[in-house]
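I opened my notebook to record what I looked up in one structure. The entries are in the order in which I made them.

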Amino acid sequence: MGENANTFRVLPGVRPGLGDRVTRVGDDAGGGKDAAQERSADLNARLEELQELLYAEGRQKVLIVFQALDAGGKDGTIRRVFDGLNPQGVSVASFKAPTDEELAHDFLWRVHRHAPGAGHMTLFNRSHYEDVLVVKVEGLAPADTVERRYGHIAAFEQLLVDEGTTVLKFFLHISRAEQKERFQGRRDDPDRNWKFNPGDLDVRARWDDYMDAYEEAIGRTSTADAPWYVIPADRKWYRDLVISEILVDALEGLDMSYPPAPSGIDEIEIPD
Ligand code: ATP
Ligand code: MG
């Protein structure tokens with residue numbers, strides 16, 4: 001396993017101490033911005049090959065979860081790291097505030113149907129973790145309900161793993177200062193005003209509560225089979241590099257191969 005996978009993975013049973021974890025790396029991290037972007041481009045090409053293989057083999061499933069505070073970079077990561085992959089085998093599921101119909105069901109009802117099928121890779125933009133994060137901080141469900149959800153999440157993810165899914169979970173860790181800068185950009189730039197949601201400021205005001213909730217959620221649900229990675233995400237070029245490395249590593253470890261050619265293919269002639 002590559003160096004970054006080890007550096008940023010949260011070991012099972014360890015509360016990740018987000019306050020002590022880097023959000024903003026130095027200018028020369030990953031060899032500096034230019035080198036990092038070049039390497040990310042190479043990794044993107046490799047990811048494309050691996051996804052093609054995943055699809056062709058049609059056996060394994062890959063689920064990649066992204067969680068972050070507002071302006072944490074989920075959309076940008078999904079756009080850049082997965083750029084150019086064959087849309088036939090990759091989907092994105094975004095989980096917003098639940099609809100009335102979703103609220104009328106158990107919290108995993110809307111999530112499970114988006115889990116990847118054989119040969120597919122699915123990216124979760126937010127996820128079932130919202131049900132122990134925002135729901136906890138905003139008191140949207142009783143505390144004992146939230147507490148019980150930890151058991152359900154563990155069982156759900158184990159079910160996916162047992163049935164052949166590789167599960168990887170990324171928390172994009174940004175600083176308060178970086179979030180302010182990104183909000184400011186959205187507020188000031190007319191082309192990005194649409195991304196500015198005044199309600200996000202209420203969430204920002206509860207920053208420490210969200211950090212606590214994230215620490216608890218990540219600490220309690222990072223397992224050997226479904227690990228969490230806490231990614232320093234203030235600098236986008238570094239974030240993209242690290243996530244690309246971890247994904248390529250994980251997919252290379254899957255031991256995939258193209259299906260065998262039809263028997264007697266060498267003797268077959270294609271008629272004019
Ligand atoms: P953007 O980066 O574009 O703002 P977003 O993921 O924040 O993307 P929004 O529509 O702004 O999308 O926000 C979705 C909101 O829905 C978030 O505030 C999130 O916390 C909330 N949400 C998601 N799942 C749940 C849930 N199960 N219960 C309550 N709120 C939820
Ligand atoms: Mg939002």
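**Entry 1: ground rules**

I am working with a predicted model, in which local features need pLDDT of at least 70, side-chain atom pairs count only at pLDDT 80 or more, and totals for chains, interfaces and linings use all residues. Residues are numbered from 1 along each chain as its sequence is written, chains are lettered from A and ligands numbered from 1 in the order in which they are written, and side-chain values use heavy atoms, with hydrogens and water left out.

**Entry 2: the largest pocket**

I looked for empty space first. Rolling a probe the size of a water molecule over the atoms shows where such space is left. A pocket here is an open set of points on a 1 Å grid over the protein atoms alone, where a 1.4 Å probe fits and protein lies on both sides within 12 Å along at least five of seven lines. Lining residues have an atom within 4 Å of a point.

I noted a volume of about 1400 Å³ for the largest pocket. That volume is the space filled by probe spheres set on the points, which are joined across faces, edges and corners.

Which residues lie nearest the centre of the largest pocket? They are Asp70, Lys74, Lys96, Arg126 and Asp200, out of a lining of 49 residues. Elements that give two or more residues to this lining include helix H3 (74–81), helix H8 (176–188) and helix H11 (236–252). H3 gives the most, with 5 residues. Helices (H or I, at least four residues) and strands (E, at least two) are DSSP runs, numbered from the N terminus.

I then sorted the lining by class and wrote down 19 nonpolar, 9 polar and 21 charged residues. In this sorting Ala, Val, Leu, Ile, Met, Phe, Trp, Tyr, Cys and Pro count as nonpolar, Asp, Glu, Lys and Arg as charged, and the others, Gly among them, as polar.

**Entry 3: salt bridges**

Side chains of opposite charge can pair when their charged atoms come close. I used the salt bridge cut-off: a side-chain nitrogen of Lys or Arg within 4 Å of a carboxyl oxygen of Asp or Glu. How many does a search of the whole structure find? It finds 23 salt bridges.

I looked up Arg46 and Glu252, whose side chains meet in one of these with 2.7 Å from N to O. Arg46 is in helix H2 (residues 33–57) and Glu252 in helix H11, so this pair links distant parts of the chain, 206 residues apart. Arg46 counts as partly exposed at 30% relative accessibility, and Glu252 counts as partly exposed at 43%. For these labels, buried means under 20% relative accessible area, exposed over 50%, and partly exposed in between (1.4 Å probe, protein chains only).

Next I followed a network of salt bridges that links Lys136, Glu147, Glu216 and Arg220. Lys136 and Glu216 have their closest N and O atoms 2.6 Å apart. Lys136 lies in helix H6 and Glu216 in helix H10, so the pair ties together parts that are 80 residues apart in sequence. Glu216 also forms a salt bridge with Arg220, at 2.8 Å between the closest N and O atoms. Glu216 and Arg220 are separated by about one helical turn, because they are 4 residues apart in helix H10.

Is Glu216 buried or exposed? Glu216 counts as buried, at 17% relative accessibility. Lys136 is partly exposed at 39%, and Arg220 is partly exposed at 40%.

**Entry 4: positive phi**

Ala71 has a phi of about 65° and is found in the loop between strand E1 (61–68) and H3. Ala71 counts as buried, at 7% relative accessibility. Asp255 has a phi near 60° and its place is in the segment after H11. Asp255 counts as exposed, at 64%.

**Entry 5: sequence and space**

Leu123 lies in strand E3 (residues 121–125) and counts as buried at 1% relative accessibility. Leu123 and Ser91 are 32 residues apart along the chain, and their C-alpha atoms are separated by 6.2 Å.

Gly19 lies in the loop between helix H1 (3–8) and H2 and is exposed, with a relative accessible area of 75%. Gly19 and Asn4 are 15 residues apart in sequence and 19 Å apart in space, C-alpha to C-alpha.
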